[in-house]
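Student: Could you walk me through this one? I'd like to go piece by piece and ask as we go.

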Amino acid sequence: MTLDSVDVRGWSPDRLLKAGMALVPEHRRIFNDLTVVENLKVGGVTASSSERASRLDEMVELFPVLERKWTTSAGYLSGGEAQQLAIARALMSKPRLLLMDEPSLGLAPVLIDVVFDLIGKLRAQGVTLLVVEQNATRMLGASDRSYVLRSGEVVIEGQSAELLAQPDLFDAFVGGSHD
Amino acid sequence: MTELLQNLVDGLGRGSIYALLALGIAVIFGVMHLVNFAHGELITVSAYVAYWLIQGGRNWYVVVPMIVLTATLTSIIIEAVAFRWVRGAPDFTMLLTSFGVHFLVQAAFVMYVSASVKTYARPTWIADTYNIAGINLEIVDLYTIGATIVTLAITVWILQKTMFGLSLRAAAEDFDAARLMGVKSDRVIRGAFALSGVLAGVASVFWLMRSGQATPSAGEGPMLKGVLAALIGGLGSMPGAVVGGLVLGVAEVLLRAYLPGSVASLTEGVVFVLIALLFIFRPQGIINVSHAERV
C-alpha cells in the first residue's frame, strides 16, 4: 500500500492523516456525547488551531445542515445528518485522499442522494476518493475507476463507464444487487 | 434545622473529597476501561511527602502544592511503569494490575519506611469553626468545598474547551474512532493520568490535613470511597462521579448523625447495604452512560 509512492503500511493514523489521508469509517463512528462542532474539532486534531478554525468555516459552507445543529449532541442527529457529520469530520484534516467505508449504508434513498451529491462535490474540488460501496450501480456512475472484490481478491477492474456498459459481466459477480 | 445544615455542610465537605477521587477514577476508566484500585496510592505517597516536609519544618503553604505535585507525578509514573504494559488487555488483567500496584506500593512503605503510623502536625486552624447565624461550620469543610468547586470548574473548562479535553472525551466514548481521527493514544492516556493525579492531589490535601498521619495503607479508605462513588454515579460518567461522591459523603454524615445510637457504629455497613440496594434497583448508577438513541 503506497501513498505518493511511499509505503505507508504500519503507519499510525495520525501520521497518515498528516500525510493527507483520512477515513470515513463504516457505521460512521461519530462521537455521540460530543456536539457537532466538537466532533469536527476532533477530526481536525492533527491540524494547527488556526487551520482548524478556517476548516470549520469551510464545513459551515459545505454542510449547511450541520451548521443548524452546531451545538447539538451528535447523538441526536438523524442518520443522514450523522453521515454528513462523519464525512465533514474526516474532511477537517483536509485530506487529499479520502477513504469512505459504506457511506450510504442504512440511509433512506433521499439521503443517499445527498451523500452522492457530496461525493460529486468533493471530486470537483480535487479530492481523491476511495469508496467501498454496496450500491454498485450508483457508485459506478459516480466514479472514474471501479474494482469488484470477491473474497478479498480483485476480480474485475476498469473504467467505471465501461463496466456500467457491460451489465452481464457485472451481474455475474454482483449477484443482482443492481437497482 | 441548624444541626441538619451543619451536617449537610459536613457531608458536602467529605463528599467533595470523594467526588474528586471518583472523577479521577472515571477519567481513567473512560480512556482505558481500567477501574484503578491503585488510585489510593497517590494519597499514600502524598501522605509521606507531607510527613517528611512537615518533619523538616516546612509549613502548609509549601506542603499543599507539593502534595498536588506528588500525586500528579505518582499518577504519571504508575501509568508509565505499570499500566502502559497492559493497555488493551482484558479488563480483568488491568484490574489485577491495579491491585498489584496497590499492594506493591503498600509493601514498599512497610519494608523501606515503617509499618507504624507516622503523625505530623495538622494545620492549626483545622478544628476551627465559623459561626454563621447560629450555625457552626467547620472551616476545613468550607475550604474543601471551595477548592473542589474551583478544581471542578477548571476541569470542566479543560474538558469542554481544550483539544486535550475534546480528545479525552472522544477517546472515552470510542477509543478506536478517536485514534482514527488522529488522537494520539499515548498523549491522551498520559494526560488522563495526569489530570486524575491533579484531582487526587487536591483531594489528598484536605484528606491529609484532616488525618494528620501517614501509614502504608493511608490511601486505602479514600480509594474505596472514590471507587464506590464512581460506581454510584455510573462508572464512566464524569458528572455521575461527582454526584456520586457528594451523595456518598452526605449519606455517611447523615447516617452517622441520625442512626439510633446502638447501630451508629454500623454506619459503614449501612452505607454498603444502601449501595447494594441502589444497584439492585438502578444497576446503571445514578447517571446513565448509555448513549442517546439515534433517530
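This is a predicted model: local features need pLDDT of at least 70, side-chain atom pairs count only at pLDDT 80 or more; totals for chains, interfaces and linings use all residues.

Student: Okay, sheet first. How many strands form the open sheet in chain A, and in what order?

Tutor: The open sheet of chain A is formed by 3 strands in the order S3-S4-S5, and their pairing is parallel. S3 and strand S5 (128–132) of chain A are the edge strands, each of which pairs on one side only. Neighbouring strands of this sheet are turned by 15 degrees against each other on average, with direction ignored.

Student: How many bridges join S3(A) and S4(A)?

Tutor: S3(A) and S4(A) pair in the parallel sense over 4 bridges, and Ala22(A) stands opposite Leu98(A) in S4(A). On this sheet packs H5(A), which touches S3 and S4 of chain A and whose direction makes about 170 degrees with that of S3(A).

Student: Where is Arg28(A), and is it buried or exposed?

Tutor: Arg28(A) lies in the loop between strand S3 (21–24) and helix H2 (36–43) of chain A. It counts as buried because 24 other C-beta atoms lie within 10 Å, where the cut-off for buried is 20 or more. Arg28(A) also has a positive phi of about 70 degrees, although it is not a glycine.

Student: And Lys94(A), why does it count as partly exposed?

Tutor: Lys94(A) counts as partly exposed because it has 17 C-beta neighbours inside 10 Å, and that class lies between the limits of 12 or fewer for exposed and 20 or more for buried. Lys94(A) sits in the loop between helix H5 (79–91) and strand S4 (97–101) of chain A, and its phi is positive, near 50 degrees, in a residue other than glycine.

Student: Switching topic: how many residues does each chain bring to the contact?

Tutor: Chain A brings 24 residues to the contact and chain B brings 19 residues. On the side of chain A that touches chain B, the elements that give two or more residues are helix H1 (13–18), H2 and H5 of chain A, and H2(A) gives the most, with 4 residues. By class, that side of chain A has 10 nonpolar, 8 polar and 6 charged residues.

Student: What about the largest nonpolar core, which residues have the most contacts inside it?

Tutor: The largest nonpolar core has 111 residues, and those with the most contacts inside it are Ala22(B), Leu23(B), Ala26(B) and Ala241(B). Helix H1 (residues 2–32) of chain B gives the most to this core, with 16 residues. Leaving aside residues up to four places away in sequence, Ala241(B) touches several residues, including Ala19(B), Ala22(B), Ile25(B) and Gly233(B).

Student: Which elements do the buried residues of H5(B) pack against?

Tutor: The buried residues of H5(B) pack against H1, strand S3 (135–138) and helix H8 (185–211) of chain B; among them are Val140(B), Asp141(B), Ile145(B) and Thr155(B). Helix H5 (residues 139–161) of chain B has 23 residues and reaches 33 Å from its first C-alpha to its last, close to the 33 Å expected at 1.5 Å a residue.

Student: Last one: how do S2 and S3(B) run?

Tutor: Strand S2 (residues 129–132) of chain B and S3(B) run antiparallel and are joined by 4 bridges, with Asn136(B) in S3(B) as the bridge partner of Asn131(B). Their hairpin has 2 residues between the strands, and Ala133(B) takes a positive phi near 50 degrees there.

Definitions and conventions. Residues are numbered from 1 along each chain as its sequence is written. Chains are lettered from A and ligands numbered from 1 in the order in which they are written. Two strands pair if DSSP finds at least two bridges between them. Axes are lines fitted to C-alpha atoms, for helices over the stretch in contact, and angles run from 0 to 180 degrees between N-to-C directions. Two residues are in contact if their C-beta atoms, placed from the backbone, lie within 7 Å. A nonpolar core is a set of buried Ala, Val, Leu, Ile, Met, Phe, Trp, Tyr and Cys residues joined through C-beta atoms within 7 Å. Ala, Val, Leu, Ile, Met, Phe, Trp, Tyr, Cys and Pro count as nonpolar, Asp, Glu, Lys and Arg as charged, and the others, Gly among them, as polar. The expected span of a helix is 1.5 Å times one less than its number of residues.
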